[in-house]
Amino acid sequence: MSKLTKDFDWEINSRTKGFDPVGRNQQHMKDMLNSTGPGFCLAKWTQVTMHLGNGTTHSCHHPSPHKIPLDEIKNNPGALHNTNYKKQQRKAMLNGKRPKECDFCWRVEDNGETSDRVYKSLDQFSFKHHDKIAELVGDEDIFPTYVEVSFGNTCNFKCAYCGPAYSSQWQQENKNGGAYQLTDMTFNNIRKDETHIPQREHNPYIEAFWEWFPEAYKHMHTFRITGGEPLLIKDTMKVIDFLLENPNPNLNFAINSNGCPPGKLWNEFTDKVRQLEERKCVKDFVLFTSAEAGGDRNDYIRHGMDYELWKKNIEYFLENTLYAGVTCMSAFNLLSLSSFKELLQWILKLKQNYNWAGWDHWLHSKGLQRPLLNNNAVREDGRPIKPARVLIDIPYLRHPSFLDANIASIPLIQDHLLPAIDFMYDNLSHADWGGNIAFDDWEANKLRRTVVGIIDKAQEHIAEQITTNPVTRQNRSRFYDFINQYDSRRDTNFLDTFPEYADFLELCKQEHDILHELKAQGKA
């Protein structure tokens, strides 16, 4: 082990000694990476996302996915991760260059900020492999330690911000009605490189995956199945059955699901996860599910979802598994504002019912119990202790830009968004008492950063005044176009579902009319 990595391990371990080395860890990792080159990033080796439905791959979400050549996987199934193209990028990194496909990180670093190159290399599935990777030349095949795989785009939802690449329902809608025609843009056109191989047809990429996986999973820290809706694709259950027969007790396993599959699939899935736990086939299991709003408003955004059924299914999953975690991923968008607090109230209830605070064990030993919590919290049911089974992650949706919340009006922010963030901060957990049974700092901070950005942007268009910002005007015009076509295609009614957005929709109509008049006059 090199001195660099040895020192770095000490900094990681020092957290248990009362230090706060986070900033030092970031700088230490950056120094380690830069000792090889200013473009060196461990994720190019350790991390991969495979879209097997259309045969594309990339090492993280910043570079665009590239096609996996069929001749490469025919001779070497490991080319699902180790394409010749990716090896060229690795060589560039090892030789002091910054690959163009990673320009997001270079822009961040050139502005003096810490980029994902550092954060992804710092992750626990990456940093331990620094010394080995730094000594490679770039031609080698390597097994990744963090793997995300999508077996296809089969899905029973048509979420407003999604598209044909990730939803077969979107793909079918666009085949029937074409892409959405918005102001100065076409939304969700089906590109040739996004076309998926139907499940009923032979898929050479999935065939290669099953040749590669039996050895590859032994090297993984984390394996995550995404979609489409994974529970509608047979290979997802095939993976679970494989792990039941071939345990890897060091593997962190995760599956994304919309939580509303048809028939008895949810019960069957929950039962299989329980079996994974009872037989100790994996180290940990996390269900990633999604909601961006509450009630009918959420169902409008996530077309095809039944919000009440979703809540029932998530609670069923928590009740009928031992320690499996649930993370609600909320792609916070323009339509989230007015009912996000409703979603947060339910998440808080789950935290109180299923998360574990260390102090509860002490209280229980004294014959006491928090009146706020149910009996699950003191683990009288024999469940293993897991501090934070329920979490919420609130990434900020920026694309499509006409659903970005930064085009919201001041009244929407004032009346709905601020009460939601206040609710989170009124219900923060505290590590020294009752930790994990309310919102963590990082959960609230993520929404706070979003709120700050939205408010800063909203100052450009005070109250209900017409904006002078051409980008905001264009996106409001596109929002107006989108809502009208969305309702027409899906037999929905925006104002029946979102009556509180009536003034905002009228504002968008005015922006739409102004922009089109300016265009007619040649002034826009």
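The charged end of Arg224 sits over the ring of Phe288, 3.7 Å from the ring centre, where a charge is said to sit over a ring if NZ of Lys or CZ of Arg is within 6 Å of the ring centre and within 35 degrees of the ring normal. A further case is Lys238, which lies over the face of Trp210 at 4.4 Å from the ring centre. This is a predicted model, in which local features need pLDDT of at least 70 and side-chain atom pairs count only at pLDDT 80 or more, while totals for chains, interfaces and linings use all residues. Residues are numbered from 1 along each chain as its sequence is written, and side-chain values use heavy atoms, with hydrogens and water left out.

Consider next the protein as a whole, which has 21 helices and 13 strands; helices (H or I, at least four residues) and strands (E, at least two) are DSSP runs, numbered from the N terminus. The radius of gyration of the protein is 24 Å, close to the 24 Å that the globule rule gives for 524 residues, so the protein is as compact as a globular protein of that length. Here the radius of gyration is taken over C-alpha atoms, and the globule rule is 2.2 Å times the number of residues to the power 0.38. Along its principal axes, the C-alpha trace spans about 65 × 65 × 50 Å. Among contacts (heavy atoms within 4.5 Å) between residues at least 6 apart in sequence, 74% join residues at least 24 apart.

Of the 524 residues, 56% count as buried, where buried means under 20% relative accessible area, exposed means over 50%, and partly exposed lies in between, with a 1.4 Å probe and protein chains only. The largest nonpolar core has 116 residues, and those with the most contacts inside this core are Phe209, Phe223, Phe253, Phe269 and Phe479. A nonpolar core is a set of buried Ala, Val, Leu, Ile, Met, Phe, Trp, Tyr and Cys residues joined through side-chain atoms within 4.5 Å. Leaving aside neighbours within four places in sequence, Phe253 is in contact with several residues, including Phe223, Val239, Leu276, Asp284 and Phe285. A second, separate core of 17 residues includes Leu42, Trp45, Cys102 and Ile133.

Aromatic rings can also be followed in pairs, and a search of the whole structure finds 41 of these. Rings of Phe, Tyr and Trp (its six-membered ring) pair if their centres lie within 6.5 Å, and planes under 30 degrees apart count as stacked, over 60 as edge-to-face and the rest as tilted. The rings of Phe285 and Phe317 have their centres 6.3 Å apart and their planes at 45 degrees, so this pair is tilted. The pair links distant parts of the chain, with Phe285 in strand β10 (residues 282-290) and Phe317 in helix α14 (residues 307-319), 32 residues apart. Phe285 counts as buried at 1% relative accessibility, and Phe317 is buried with a relative accessible area of 0%. Phe494 and Phe498 form a stacked pair, 5.0 Å from centre to centre and with 20 degrees between the planes; Phe494 is buried at 1%, as is Phe498 at 0%.

Helix α14 also holds Asn313, which is buried with a relative accessible area of 10% and touches Gly259, Cys260 and Trp266, not counting residues up to four places away in sequence. In helix α5 (residues 84-94), the buried residues are Lys86, Lys87, Gln89, Arg90, Ala92, Met93 and Leu94, and what covers them includes α3 (43-46), β1 (47-51) and α8 (130-134). Helix α5 is followed by Gly96, whose phi is positive, near 80 degrees.

Finally, some details of the backbone deserve attention. A cis peptide bond with omega of about 5 degrees joins Gly227 and Gly228, and Gly228 has its place in the loop between β8 (222-226) and α11 (234-245). A cis peptide bond also joins His399 and Pro400, with omega about 0 degrees, and Pro400 is found in the loop between β13 (390-393) and α17 (410-426). Lys280, a residue other than glycine, has a positive phi near 55 degrees; Lys280 lies in the loop between α12 (265-278) and β10 and counts as exposed at 60% relative accessibility. Asp491 has a positive phi of about 55 degrees although it is not a glycine; Asp491 is found in the loop between α19 (470-490) and α20 (494-497) and is exposed, with a relative accessible area of 73%.
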